[in-house]
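Please read them with the model open beside you.

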Amino acid sequence: MMQVDNTAALVTGGAPGLGAATAKALAQRGARVFALDLEDGIDKAPEVPGVTYVSADVTDPGQVGAAVAVAAGSGAALRTVVSCAGIGPSARIFGKKGVHDLALHVKVVQINLIGTFNVLALAAEAIAATEADEHGQRGVIVNTASIAAYDGQVGQAACASSKGGVVGLAGTGIPPGKCHATR
């Protein structure tokens with residue numbers, strides 16, 4: 001089991017909901033947590049000991065790269081990354097309101113899937129460069145999805161397809177012994 005005490009952790013979607021709970025739990029276990037979120041989410045987030053909020057859009061490689069650099073350069077090894085950022089607006093493919101808005105579907109996929117991939121790729125690179133711990137581990141990346149990834153739900157076409165893509169990312173393209181992606 002990966003020890004998080006005295007390590008750095010990065011949590012996306014870290015201001016509300018699952019991301020906030022994850023950031024708080026990691027901080028309570030001794031991690032130095034960097035919670036990424038959009039500025040308006042951070043403005044509403046409660047102050048949590050051990051959690052530093054970093055404004056970043058998961059779809060922007062420059063912003064994510066900068067946030068990863070902050071966590072990796074914090075003086076504690078970056079060993080934990082949890083991707084919780086996501087949106088799930090309700091819309092049917094075709095319903096009483098007509099056809100699902102394509103721009104909305106693209107936005108959901110951009111945030112939920114492309115954003116998760118962006119964080120996964122940039123964080124994996126940083127973790128792979130981290131010195132292995134006494135057990136030969138460098139770190140762990142957890143990508144969160146939704147039951148909608150497996151069981152498409154009425155009104156959740158965009159969420160289901162984007163989270164299905166996140167599930168498909170698990171364990172792809174990361175060299176063994178460098179970092180481990182889970183779902």
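1. The largest pocket holds about 410 Å³ of space, where a volume is the space filled by probe spheres set on grid points that are joined across faces, edges and corners. A pocket here is an open set of points on a 1 Å grid over the protein atoms alone, where a 1.4 Å probe fits, with protein on both sides within 12 Å along at least five of seven lines, and lining residues have an atom within 4 Å of a point.

2. This is a predicted model, in which local features need pLDDT of at least 70 and side-chain atom pairs count only at pLDDT 80 or more, while totals for chains, interfaces and linings use all residues. Residues are numbered from 1 along each chain as its sequence is written, and side-chain values use heavy atoms, with hydrogens and water left out.

3. Of the 20 residues that line the largest pocket, Gly13, Asp37, Leu38, Ala85 and Gly86 lie nearest its centre. Helix H1 (17–28), strand E2 (32–37) and helix H2 (39–44) are the elements that give two or more residues to this lining, and H2 gives the most, with three; helices (H or I, at least four residues) and strands (E, at least two) are DSSP runs, numbered from the N terminus. By class, the lining has 10 nonpolar, six polar and four charged residues, with Ala, Val, Leu, Ile, Met, Phe, Trp, Tyr, Cys and Pro counted as nonpolar, Asp, Glu, Lys and Arg as charged, and the others, Gly among them, as polar.

4. The second largest pocket holds about 200 Å³ of space, and its lining includes Ser90, Arg92, Lys96, Lys97, Asp101 and Gly155. Strands E5 (94–95) and E6 (98–99) are the elements that give two or more residues to that lining, which divides into three nonpolar, five polar and four charged residues.

5. Helices H3 (residues 61–72) and H4 (residues 102–128) pack at an angle of about 35°, with their axes 10 Å apart; axes are lines fitted to C-alpha atoms, for helices over the stretch in contact, and angles run from 0 to 180 degrees between N-to-C directions. Contact (heavy atoms within 4.5 Å) is made by Pro61, Val64, Gly65 and Val68 of H3 and by Asn118, Val119, Leu122, Ala123 and Ala126 of H4, and these residues divide into seven nonpolar, two polar and no charged.

6. The axes of H4 and helix H5 (residues 157–169) come within 8 Å and cross at roughly 15°, and the two helices are therefore roughly parallel to each other, a term for angles under 35 degrees.

Methods
Parallel < 35°, antiparallel > 145°, perpendicular 65-115°, else oblique.
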